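Q: I'd like to learn how to read the packing inside a protein model. Could we work through one together?

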Amino acid sequence: MRVIAWLVEGTWPACVDAVRRHAPDTAEVVLLHVSAPEVPGVAHGAYAGLLGRGHPERDPGGLLEALGGASAAELLDAAARRLGRPCAREERSGRVEREVVAAAEGADLLVLARDGDRSRLGPKSLGPAARFAVDHAPCPVLLVWPEPAPALGTIPPPPPHRR
């Protein structure tokens, strides 16, 4: 069994805990983190457009990319420690939702956490990237709450009946 746990800052502990609870000890576990390239790209573009191209060593895009890589490595290390068993670590960069779906190809389970409005039950508890992954994953998906789920009373009311 191959299990992919998509780790995102702020919600990753719930995903790791779900793998510990639901994946057999013999499962191949892959801890996945995806970095979006937009932030370093925007910084590079702003620097090039506003300050010129004369000093590439001052370009903040490279620094932001390095910081993001270090942050991802720290997150993956912390997740591996929390998991407490052998696992692979995978860092990808690109359109987050598409990279997650691509990483899930050939997997037996994709574990991810809700990333939207977590104050109530309902479809808005999924952000756009998580919704895309749930809708397009080529394998079963285990969707977890990063904290205790809201009460049933938080379900939005049904739309008014139309005649």
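A: In the largest nonpolar core, which has 23 residues, Val3, Leu7, Trp12, Val19, Leu31 and Val111 touch the most other members. Two or more residues of this core come from each of strand S1 (2-6), helix H1 (12-22), strand S2 (28-35), helix H3 (60-83) and strand S4 (109-113). A second, separate core of 18 residues includes Val34, Ala103, Leu126 and Ala133. This is a predicted model, where local features need pLDDT of at least 70, side-chain atom pairs count only at pLDDT 80 or more, and totals for chains, interfaces and linings use all residues. Residues are numbered from 1 along each chain as its sequence is written, and side-chain values use heavy atoms, leaving out hydrogens and water.

Q: What is a nonpolar core?

A: It is a set of buried Ala, Val, Leu, Ile, Met, Phe, Trp, Tyr and Cys residues joined through side-chain atoms within 4.5 Å. Buried means under 20% relative accessible area (1.4 Å probe, protein chains only). Helices (H or I, at least four residues) and strands (E, at least two) are DSSP runs, numbered from the N terminus.

Q: Which residues of helix H4 are buried?

A: In H4 (residues 96-103) they are Val96, Glu97, Val100, Val101 and Ala103. They lie on the same side of H4 because they cover an arc of only 165° around the axis, taken from the directions from the helix axis to the C-beta atoms.

Q: Is Glu97 buried or exposed?

A: Glu97 is buried, since its relative accessible area is 14%. Beyond its neighbours within four places in sequence, Glu97 is in contact (heavy atoms within 4.5 Å) with Ala129 and Phe132.

Definitions and conventions. Buried means under 20% relative accessible area, exposed over 50%, partly exposed in between (1.4 Å probe, protein chains only).
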